[in-house]
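Please read them alongside the coordinates.

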Amino acid sequence: MALDKNVKVLVIGAGAMGAGIAHVAALAGHPVYLYDTRAEAIDKGLGGIAKDLDFLVSKGKLDSAAREATMARLTAVTDLDAASDAGLAIEAIVENLDIKQKLFLQLESLLGDEAILASNTSSLSITAMAAVLARPERLAGLHFFNPAPRMKLVEIVSGLATDRAVANTLYATAKAWGKVAVHAKSTPGFIVNRVARPFYAEALRVLNECAAEPATIDAAMRECCGFPMGPFELMDLIGHDVNYAVTRSVFDAYFGDKRFTPSLIQYDLVLAGRLGRKSGRGFYAYGADVAKPAA
Ligand code: NAI
């Protein structure tokens, strides 16, 4: 059964994914706490949600009263203790196992016994994430895609210890939030990020061989293969720090399987801080919402 709409949802990390998940949960009727270690990230996240809701209103897909009610259900918190009555905590912080484990240990002692703990990780092991907890059975993956309000799919990821009832509750809740939910076991990259790895990796190899420029490869994949975005546009949207970390974790998890070898071209972008749309530059340069090939 889906979580009752009165259940408070705590979203940790107000970046691209956390803000989107907070938007989805609040629009579905839940009171939502949005937390980040950086206050400016919360402000930016809430501003982005307001803008997205305004867009829905302008398209006639949401009325103004529902927009106001959704915004009123969102509460910014700069101290996790203020969210101790949450019944579902979803983390969308940096893709790093150690940091996520520390956060879940903190949440385990803060939240009530019935609270469900969920991770939006793209690739890290849910089994490993839960292993440090006293009650690992209440942690599962709840993996949204970018942008969370628009992308329908949500992967419900079970680690070795995840209680099936917890996974089923998340599955039903994601459906109640208007999503298409699928169950997956915790293997590196789960379903989508595993199957999509070669999409990015081969495109980066084509670039490395100087066969074609990113814009040409993107156009070819859009026009001929029907992808809504080419691989370079998509990596810029996802963020190179995130996309590189996912490839790296899948590569490591498969004991260095060459098929998943990270790209030095992408690693260079990360080192340079050219993270894609969020930093204004990646394979493309972003100004006034217009993407053009970066010099
Ligand atoms: P992001 O870089 O946009 O946002 C991460 C936010 O977490 C930042 O605002 C940062 O200040 C905050 N943060 C970092 N450590 C924290 C901590 N210990 N406590 C509280 N806040 C903390 O990253 P993004 O793209 O939103 O990714 C977040 C998670 O979602 C990652 O695990 C990523 O793999 C996953 N994900 C990302 C997707 C994407 O397309 N970007 C798609 C699906 C999942």
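1. Strand 1 (residues 9-12) runs parallel to strand 2, and four bridges join the two. Pairing here requires that DSSP finds at least two bridges between the strands. Within this pair, Ile 12 is placed opposite Tyr 35 of strand 2. Helices (H or I, at least four residues) and strands (E, at least two) are DSSP runs, numbered from the N terminus.

2. The model is predicted: local features need pLDDT of at least 70, side-chain atom pairs count only at pLDDT 80 or more, and totals for chains, interfaces and linings use all residues. Residues are numbered from 1 along each chain as its sequence is written.

3. Strand 1, helix 1 and strand 2 form a β-α-β unit that is right-handed. The term means that, with the strands pointing away from the viewer, the path from the first strand over the helix to the second runs clockwise.

4. A residue is buried if 20 or more other C-beta atoms lie within 10 Å of its own, exposed if 12 or fewer, and partly exposed in between, with C-beta atoms placed from the backbone. In a regular strand the side chains alternate between the two faces of the sheet.

5. Strand 2 also pairs with strand 3 (residues 74-77), in the parallel sense and over four bridges. Here Val 32 stands opposite Leu 74 of strand 3.

6. Strand 1 pairs with strand 4 as well, again parallel and over four bridges, and Leu 10 stands opposite Ala 89 of strand 4. Strand 4 (residues 88-91) sends Leu 88 and Ile 90 one way and Ala 89 and Glu 91 the other way, and all are buried.

7. Four bridges join strand 4 to strand 5 (residues 116-119), and these two run parallel. Ile 90 has Ala 118 of strand 5 as its bridge partner. Between strand 4 and strand 5 the chain passes through helix 4, in a right-handed β-α-β crossover.

8. The protein chain is assigned domain 1 (9-185) and domain 2 (196-289), with bounds that come from an automatic or database domain assignment. Their C-alpha centres lie 26 Å apart. Seven residues of domain 1 are in contact with 10 residues of domain 2, where contact means that C-beta atoms, placed from the backbone, lie within 7 Å. The side of domain 1 that touches domain 2 has two nonpolar residues, four polar and one charged.

9. Where does the ligand lie? Domain 1 and domain 2 both give residues to the shell around the ligand, so it lies between them. Of the 26 residues around the ligand, Gly 13, Gly 15, Met 17, Ala 41 and Asn 146 come nearest. A residue is near if its C-beta atom, placed from the backbone, lies within 6 Å of the molecule. Helix 1 (16-27) and helix 4 (97-110) are the elements that give two or more residues to this shell, and helix 1 gives the most, with three residues.

10. The shell around the ligand divides into 14 nonpolar, nine polar and three charged residues. Ala, Val, Leu, Ile, Met, Phe, Trp, Tyr, Cys and Pro count as nonpolar, Asp, Glu, Lys and Arg as charged, and the others, Gly among them, as polar.

11. Lys 258 lies in the loop between helix 11 (240-253) and helix 12 (264-272). Lys 258 counts as exposed because it has 7 C-beta neighbours inside 10 Å.

Notes
Two residues are in contact if their C-beta atoms, placed from the backbone, lie within 7 Å.
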